[in-house]
Amino acid sequence: MSPIEVQAIYAVCPVAMVIFSGIGTVLKDRIGRVQTIVVMKTLGVGLLLLMAILAEGIYTSKYILAPIYVVRTGLMNCTYPLDESILMDFCPKDVRGRWKSLESVVAFGWCGSAVLGGWLGDAHGYSFTFIITALIQGGSVIIICFLLPLVPISEKREVISEDDTKSMPDTTGNNSGNKAESDIQKPLIDPTSADAKDEASVSNVGSIQ
């Protein structure tokens, strides 16, 4: 492949990620977030194994392998928003930064795996490297499956109607149950009090003088 064709593939990959992210957003409302992640990544691992098998055989055409690679890249990397939503929902606020800092370990893994993958590719061929990568990613899918009983499928939140709001107990000391009145801030000085009247009379005398 020419350098222009290679760069064109890398330009199309983010578009594929956006498309599959939208599909994942729709799918997670039907089957759940973790289930969507498992489906997407399982399909991605399967396509990577397919690439390894085709590259080892006679189907080495770029018109076959390049689309498979683009779809596989989109599937494997489109679940990041779902991963982050689960992290934000189930991690306490005081430890979220700690878990987010682990992304630096992931970045280091990208660099280290590139070196290891290049060595394996030169020694055993890229099909062997694809198979090793698929096995590691398949193991990660198994680990993700442990979240299935923890993350609920439905994420619908109960909407409180106006009638329910009126029937809620009043904690502001106002027994009328009118939320609008209870939300009004009381003035700092009561204009009907004696002190307020004295202050008003003093100010009126001062203005006359």
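**Around L75**

Set aside the neighbours within four places in sequence, and L75 is in contact with F20, M40, L43, G44 and L47. This is a predicted model. Where does L75 sit? Its place is in helix α3.

Is L75 buried or exposed? Its relative accessible area is 5%. Buried means under 20%, so L75 counts as buried. Now look along the chain. T42 lies 33 residues away from L75 in sequence.

Next, step back to the nonpolar cores. The largest has nine residues, and L75 is one of them. The list also includes F20 and M40, two residues that L75 contacts. I9, C13, A16, A66, V70 and C78 belong to this core too. Which helices supply at least two residues each? They are α1, spanning 3-31, and α3, spanning 62-77. Helix α1 gives the most, with four residues. There is also a second, separate core. That one has eight residues, among them V38, I86, I144 and V151.

Finally, turn to a pair of helices. Helix α4 covers residues 80-90, and helix α5 covers residues 93-100. Their axes come within 10 Å. They cross at roughly 145°. Which residues make the contact? From α4 come Y80, E84, L87 and M88. From α5 come R96, W99 and K100. Sorted by class, the contact has four nonpolar and three charged residues, and no polar ones.

Note on methods:
Residues are numbered from 1 along each chain as its sequence is written. This is a predicted model: local features need pLDDT of at least 70, side-chain atom pairs count only at pLDDT 80 or more; totals for chains, interfaces and linings use all residues. Side-chain values use heavy atoms; hydrogens and water are left out. Axes are lines fitted to C-alpha atoms, for helices over the stretch in contact, and angles run from 0 to 180 degrees between N-to-C directions. Contact means heavy atoms within 4.5 Å. Ala, Val, Leu, Ile, Met, Phe, Trp, Tyr, Cys and Pro count as nonpolar, Asp, Glu, Lys and Arg as charged, and the others, Gly among them, as polar. A nonpolar core is a set of buried Ala, Val, Leu, Ile, Met, Phe, Trp, Tyr and Cys residues joined through side-chain atoms within 4.5 Å. Buried means under 20% relative accessible area, exposed over 50%, partly exposed in between (1.4 Å probe, protein chains only).
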